[in-house]
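Colleague: Could you walk me through how the terms in your description were assigned?
Modeller: Gladly, with the structure in view.
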Amino acid sequence: MKLTSEEVRHIALLARVGMTDQEIQVMRDQLSNTLDHFQSLQEVETEGVEPTGHAADVTSIMREDRLETSGDRADFLAGVPRREGDLVRVRPVLD
Amino acid sequence: MSVDVTKLTAHDASRLLASGDTSALELTQATIERISSVEHLTGSFVTITDDLALEQADQADTRLGLGPSPTLTGIPMQLKDNIVTKDVLTTCSSKMLKDFVPPYNSTVAAKLFDQNAVLVGKGNLDEFAMGSSTENSAFHPTHNPWDISRVPGGSSGGPAAAVASGEAVYALGSDTGGSIRQPAALCGVVGLKPTYGLVSRYGLIAFASSLDQIGPLTKDVTDCALVLSAIAGHDPKDSTSIDTEAPDYTDLLTGDIKGLRVGVPKEYFVEGIDPGVGEVVNKAIDVLSGLGATVDETSLPHTPHAMAVYYIVAPSEASANLARYDGVKYGYSTEAPGTMWEALEHTRQEGFGPEVKRRIMLGTYALSAGYYDAYYKKAQQVRTLIRQEFNEVFEKFDVLVSPTSPSVAFKIGEKAHDPYTMYLNDIFTQPANIAGIPAISVPAGLSEGLPVGLQLMASHLKEDTLLQTAYAYEQATDWHTLHPDL
């Protein structure tokens with residue numbers, strides 16, 4: 001399983017992780033190597049086997065719809081990197 | 001009276017506090033002194049909260065003075081730094097969260113604080129709990145107290161090293177593929193990954209949500225039962241929390257395992273295990289047999305595929321969970337100029353370390369169009385087969401035994417160059433996370449002068465059987481009384 005630099009660049013874009021050309025190369029080799037080891041999974045017969053998404057057999061949990069305080073607004077805002085008053089400042093979405 | 005905290009268990013500390021032979025303040029001061037004398041050797045902590053600890057100790061003493069108090073009142077402990085603590089820095093050992101002060105407490109922290117437990121600090125880990133050596137911490141590596149040129153294991157390397165070196169009486173870690181049990185084994189302490197859903201994950205910074213579970217690292221099995229009793233139970237804030245009443249696990253420890261059916265899965269005794277580790281584990285199996293358990297070989301044929309399943313499922317979930325780090329709501333935010341998209345890429349490029357990026361990339365790939373069926377769906381199907389296999393085997397056996405880790409603690413830097421070699425550390429611990437079953441590692445002896453862990457696995461919610469077996473083994477041996485000479 002040999003990934004190309006182009007494929008790795010595409011995944012980095014999907015993951016929104018910036019990478020230098022050198023990082024792309026290292027990542028390409030390491031990911032290719034790791035994926036090689038996963039090929040053995042293809043040998044397992046899984047025709048008709050349901051996928052398991054979760055370790056516990058839980059279904060949708062319902063609760064009463066009622067108002068509760070989950071924390072202090074000022075505490076939550078305190079961690080915001082860029083603020084103006086009580087507003088969260090974001091970067092321009094369009095160029 | 002002055003207390004030697006290096007070997008002190010929580011159950012002994014509780015007795016000393018109840019009788020008035022020591023105070024929470026004395027105990028906490030002694031622990032802080034121990035931290036100042038050995039922390040430069042171990043690097044177990046990201047943050048030391050000595051002022052808070054002394055304040056909490058004072059409150060604990062007030063409570064103890066009023067009469068019988070909960071067992072963990074006044075006892076100094078450490079929490080892994082991915083367990084959020086209100087007003088106390090919680091970094092996940094990542095640059096991304098290096099200044100993050102959570103506005104709320106995790107459920108486990110709240111439960112311990114309700115007992116007036118004393119927090120001495122936050123434990124080092126591999127960044128976002130991704131790793132098996134604690135070398136991936138963005139701040140500093142942790143060193144194994146048995147030999148400081150070696151790793152403590154990971155990702156809960158800080159908690160394991162802190163308990164082994166007496167910098168905390170006990171600690172809480174988290175285990176996604178072995179992150180409690182493997183460092184417990186490498187540092188010679190007890191580490192338990194409970195059944196998925198037994199302990200609330202509310203306030204555990206998410207890595208892989210279908211695998212993550214919080215559990216105790218302690219000096220012996222009684223402490224493990226004690227701490228588990230304090231943190232287990234249903235939590236409406238975690239929708240995967242099991243709606244069950246957790247018993248007092250300490251009541252169940254009698255040491256009698258006559259007639260217990262012990263299975264030895266042959267896939268866990270393969271080439272690649274250090275001969276010294278194999279020898280120690282085989283002797284441990286003889287001990288269980290000598291205690292009246294019936295021991296038979298068994299087979300879990302899909303075990304060799306567990307690692308591929310794990311390294312597809314965990315990174316896939318991680319890639320989704322870590323999408324929240326955008327530099328807007330909280331955490332690190334780049335100084336670089338640019339649009340929202342550019343800033344997002346810079347923030348994540350600068351904020352995440354190499355292993356976290358590798359896993360995000362791996363997961364994004366496995367979930368991407370064209371590869372989803374071949375990787376993610378396939379892994380989930382094999383996960384079903386692994387679960388079914390465990391269910392079938394647990395019809396014939398109460399407990400399964402294996403080594404916790406294929407080797408003893410390795411040298412710092414020895415495996416850091418090759419991600420795949422590092423991933424092999426957790427081959428025996430990942431299956432329990434995949435199946436959601438409980439598993440414990442207990443000290444079982446030394447190889448080359450370094451600790452070896454015995455892993456016991458049981459069926460869903462059979463923590464009682466697991467702890468009973470571990471306790472019986474511990475009573476019959478004295479490995480848990482060995483401590484590093486630090």
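Colleague: Which hand does the crossing of α9(B) past α12(B) have?
Modeller: α9(B) passes α12(B) in a left-handed crossing, the term for a near helix turned anticlockwise from the far one by less than a right angle (right-handed if clockwise). Please keep in mind that this is a predicted model, where local features need pLDDT of at least 70, side-chain atom pairs count only at pLDDT 80 or more, and totals for chains, interfaces and linings use all residues. Residues are numbered from 1 along each chain as its sequence is written, with chains lettered from A and ligands numbered from 1 in the order in which they are written.

Colleague: Why is α9(B) called oblique to α12(B)?
Modeller: Helix α9 (residues 306-321) of chain B and helix α12 (residues 373-396) of chain B pack at an angle of about 125°, with axes 9 Å apart. Angles under 35 degrees count as roughly parallel, over 145 as roughly antiparallel, 65 to 115 as roughly perpendicular and the rest as oblique, so α9(B) is oblique to α12(B).

Colleague: How do you know that the span of α12(B) agrees with its 24 residues?
Modeller: The expected span is 1.5 Å times one less than the number of residues. For α12(B) that should be 34 Å, and its end C-alpha atoms are 34 Å apart, so the two agree.

Technical notes:
Axes are lines fitted to C-alpha atoms, for helices over the stretch in contact, and angles run from 0 to 180 degrees between N-to-C directions. Helices (H or I, at least four residues) and strands (E, at least two) are DSSP runs, numbered from the N terminus.
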